[in-house]
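Thank you all for coming.

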Amino acid sequence: MQPSSALPTVAVIGGYGGTGRAIAGALLQHSELAVRIVGRDLGRAECCASELAAAHGARVEARRGDATDAAGLAEALREVSVVVMATTALRAPSALPQAAVAAGTDVVDIRPDGAALTEASAHGGAVAERGIRYLAQAGFSPGLPSLLVRLAASRHPGIDAIRLGIVLGMAGATNPEQVSSFLELLPEMRCRVYDGAWREGSYSRDVETFDFPLGIGVRRCYPYLIEELEALPEELGVKKLGIYGAGTSWFTDMLVTPLAVGLHKLRPGLLRRPLSRMYLWGARHTGARASGAALLMDARRAGAPLLSAAVWSADAYGVTAAPVVAAVRQLLAPSSRLPAGLSAMGRVLDPEATLDDLRSQGISVTVEGAEP
Ligand SMILES: NC(=O)c1ccc[n+]([C@@H]2O[C@H](COP(=O)([O-])OP(=O)(O)OC[C@H]3O[C@@H](n4cnc5c(N)ncnc54)[C@H](OP(=O)(O)O)[C@@H]3O)[C@@H](O)[C@H]2O)c1
């Protein structure tokens, strides 16, 4: 089970979790890289490595490593080219930046919460000085929304209004824990739309509808803001920008989600487990009962549609893993121009090359519109 030392190694922290395992599997399936599964439970890491080795060949090994222990993590990252952070250590500060600096390893961090960005910013100087490319906000969402906005702006520089719609289908989720970390993030999502400036959005007036694939159809979607988008309107000269999200069921969107947000105000985490079970029940028994995730983008100039794009898969883990594989490939490419220091993934990856990479991994991607 030892990876060949001639191959660059990618470590996946949280590599036996749902998303981490999908990332490790996708790296083995779609690259020649070696993979190191890192987690707090060495037995589980070894078991996962054995299963992946049986499926993909002996390019995978396991190490113990706790994301909150800088010295131990740096040891687990020795001789690693890129580390992918796929843990649920939400809010508890991780030691990832310090360990990456100590080990001299590039980083792809898929944690969506602002705390992950804050901890990386605190070490931004040391990261840049060491020449480390530190891609935060990586994955599907965050990850692809800013990439699609950059795609639109690069194809049609005069675009002035961009909408993004995202849907998450959890009908196939087997474990309420998969929903739990999502519900934990919901109450902290800021409701914002850009209209010349970012302003407080309204869950009644700023609702947008999107027609999603995966058998989901038309859904009413609600505004929120992710950090990777914040600076883009001014940088690109876009006058209107918004990202709008929904689940696949009226039960989850109209009942469980508002309840989770309301209870969080009384006490963070209150009734999260029963709410996670309710969310899963709703996803399985009401609405479209779909699994997977889809991201849509449409861009206009002076009201006229110019470009639309869609990225989707019935495999929600797979659609998160694919952009991570693309990011790792762009980091390790001999011609890579990704800058040293902290960046949001979608702000620096090559949009066209990334979408081609997603297609090559079996993710559905369409881009339609006027010729640039
Ligand atoms: N950007 C995106 O598109 C996107 C999409 C989906 C998910 N995510 C994010 O991906 C992360 C993983 O989600 P998931 O659904 O895969 O969760 P999961 O199935 O619960 O897996 C989490 C993994 O993290 C490990 N872990 C937790 N604390 C750790 C620590 N201190 N040190 C080392 N390992 C630790 C867990 O193992 P042990 O507890 O045994 O250590 C487990 O293997 C979350 O942050 C989630 O929000 C991002």
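This is a predicted model: local features need pLDDT of at least 70, side-chain atom pairs count only at pLDDT 80 or more; totals for chains, interfaces and linings use all residues.

Let me begin with strand β7 (residues 161-170) and β13, which run antiparallel and are joined by ten bridges. Two strands count as paired here if DSSP finds at least two bridges between them, and the strands themselves are DSSP runs (E, at least two residues), as helices are (H or I, at least four), numbered from the N terminus. Residues are numbered from 1 along each chain as its sequence is written.

Within this pairing, methionine 170 has serine 291 in β13 as its bridge partner. On to the next pairing: β13 is joined to strand β14 (residues 304-313) by nine bridges, and these two also run antiparallel. There, arginine 300 stands opposite proline 305 in β14. The two strands form a hairpin with two residues between them, and alanine 302 in the turn has a positive phi of about 50°.

Why is β13 described as largely enclosed by the rest of the structure? Nine of the eleven residues of this strand (residues 291-301) are buried, so it is largely enclosed, where buried means that 20 or more other C-beta atoms, placed from the backbone, lie within 10 Å of the residue's own.

Finally, the ligand is surrounded by 30 residues, the closest being Gly14, Gly17, Thr19, Arg40 and Gly139; a residue belongs here if its C-beta atom, placed from the backbone, lies within 6 Å. The elements giving two or more residues to this shell are α1 (18-30) and α8 (176-185).

Terms used: A residue is buried if 20 or more other C-beta atoms lie within 10 Å of its own, exposed if 12 or fewer, and partly exposed in between; C-beta atoms are placed from the backbone.
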